Amino acid sequence: MYPFKLFLFPLLLMFFLSTTPPSISSTNVANINNLTQPNMNPHELETLYKIMESISSDQSWRKSYPNPCQQSSSWLGIECKKNTNNIYHVTRLDFGTHPNPTCKKTATFPSLIFQLPNLESLFFIQCFTHTKTTISIQENRILQQLSIRSNPSLIGTIPPQISSLKSLQILTLSQNNLLGQIPPQIFTLNSLIHLDLSYNNLTGQIPNQIGNLINLIGLDLSYNSLTNPIPSTIGLLKSLQKLDLSSNSLTGKIPQTIEKLQSLNFLALSNNKLSGNFPKGIHKLQALQYFLMDDNPMMFITLPDELSQLHKLQELSLSSSGYSGEIPSSYSQLVNLTTLSLQNNRLTGEIPVEFSRLSHMYHLNLSRNLLDGVVPFNSSFLKRLGRNLDLSGNPGLCLMNQHEGVYVGVNVCGSSSNTITMPLKKNRSCEASCGVVRSLLFLVCVLCVLELLF
């Protein structure tokens with residue numbers, strides 16, 4: 001028996017020695033290494049950690065995320081891409097609003113962030129809210145989108161070095177506290193398709209170089225303090241679909257070259273100091289759907305008949321601008337119109353009867369003008385608009401019939417005033433005096449009865 005066991009032992013020993021355990025295969029060793037070693041360039045990883053630590057205290061970034069580009073060890077607000085050498089690079093960072101990393105009170109703008117060699121998109125939204133900071137730019141030829149929005153502590157001027165971001169397509173610097181003039185260098189960014197500098201404290205004129213941005217689709221410079229006329233070079237932006245220059249101090253006329261913006265579907269020029277006649281070629285803006293031009297001193301000119309040819313128009317707003325004359329009946333050709341705001345002007349004459357055929361209309365404000373005559377709308381039109389119809393402040397207007405449940409700010413024709421007659425209130429002083437009289441009469445009657453009895 002024992003000789004057999006002695007014979008079997010060497011065979012078993014040779015079998016185990018010749019077999020490699022699967023748990024330590026070369027593939028599994030590589031997988032283990034991936035879990036413990038960074039798959040990023042060490043310098044880029046260190047730069048990323050420095051940026052995160054300077055802006056956010058949400059996490060202990062180094063300990064919590066040793067491999068931030070791996071799905072199992074990353075956070076919301078970071079995106080990475082792997083190159084041909086199997087090395088990951090950071091391509092997007094978001095800061096400021098949950099669930100992205102929030103910014104600590106001492107956070108300032110990190111110019112170091114432009115040293116991330118493959119960064120394509122960068123967002124700071126409600127990030128710099130306590131400590132005052134400025135934008136500092138370093139050259140980067142990869143970045144395509146830079147959005148810095150709603151940062152009340154972001155001050156200073158827009159740095160001219162922003163022109164070094166040669167691949168930039170989307171630039172949003174909205175709702176900050178930036179000041180000074182728009183640097184002309186910004187208009188060397190020929191790849192820009194969207195530029196938003198709204199809600200800041202920018203001054204000076206819109207540079208003539210604006211015409212260099214021939215790929216621009218959206219331009220928003222609203223809510224600043226820009227002055228001088230709109231440059232005629234705006235007409236070179238033939239791809240432009242949205243133009244918002246509202247709430248500035250722009251002067252002069254709308255430039256004739258605006259007729260060349262035939263892709264434009266949104267035009268906002270409200271709350272400026274624009275004046276004079278409209279461009280004769282404005283009817284060429286056949287893609288226009290929204291035209292907002294309230295609060296401009298267009299004193300004593302008539303509403304342009306050419307607007308009636310903008311058949312895609314859905315909203316037309318020309319209030320508080322001093323227009324005179326009659327409302328063109330041709331505006332009834334705007335069959336897609338949902339909103340028409342002409343209040344607070346000096347318009348005269350009657351409301352065009354044809355307006356009752358505007359079946360998409362849901363908001364009509366003609367209040368505070370000098371209109372007269374009979375309101376030409378039937379009961380169904382009045383009920384459809386309801387409180388979205390305002391004709392008040394036109395002393396000469398009246399309704400042919402009273403429509404129950406409908407208030408438009410005018411009275412029935414033939415009544416003494418142009419307001420709804422309110423029920424008379426009881427006169428309390430009269431009630432009191434009448435009560436005294438009744439009491440005296442009752443006392444007299446009592447005395448008469450007593451006299452008869454006695």
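Predicted model: local features only at pLDDT ≥ 70, side-chain atom pairs only at ≥ 80, totals over all residues.
Gln205 belongs to strand β8, which covers residues 201-205, and its neighbour here is strand β10, residues 225-229. The two run parallel, and three bridges join them. On another pairing of β8, the partner strand is β6: again there are three bridges, and again the strands run parallel. If you want a spot to look for in that pairing, find Leu179, whose bridge partner in β8 is Asn201.

Now put these strands into their sheet. Five strands make up an open sheet, and reading across you meet them in the order β6-β8-β10-β12-β14, with parallel pairing. The edges are β6 (179-181) and β14 (273-274), each of which pairs on one side only. As for what holds such neighbours together, strands of a sheet pair through backbone hydrogen bonds, either parallel or antiparallel.

Next, the cysteines. A disulfide is a covalent bond between the sulfur atoms of two cysteines. How many disulfides does a search of the whole structure find? It finds three. Number the bonded cysteines of the protein chain in sequence order and the pairing reads 1-2, 3-4, 5-6. Let's take the disulfides one by one along the chain.

Start with Cys69 and Cys80, joined S to S at 2.0 Å. Cys69 sits in the loop between α4 (61-64) and β1 (78-82), while Cys80 is in strand β1 itself, so the link ties together parts that are 11 residues apart in sequence. The torsion about their S-S bond is about -70°, which means this disulfide is left-handed.

Are its cysteines buried or exposed? Both Cys103 and Cys127 are buried.

That leaves Cys398 and Cys413, which form a disulfide with sulfur atoms 2.0 Å apart. Cys398 lies in strand β23 (residues 396-398) and Cys413 in the loop between β23 and α6 (428-453), so this pair ties together parts that are 15 residues apart in sequence. The link is right-handed, with 80° about the S-S bond. Cys398 counts as buried at 15% relative accessibility, while Cys413 is partly exposed, with a relative accessible area of 26%.

Definitions and conventions
Residues numbered from 1 in each chain as written. Heavy atoms only, no water. Pairing = 2+ DSSP bridges. Helix = DSSP H or I, 4+ residues; strand = E, 2+ residues; numbered from the N terminus. Disulfide = S-S within 2.5 Å. Buried < 20%, exposed > 50% of the residue type's maximum accessible area, 1.4 Å probe, protein only.
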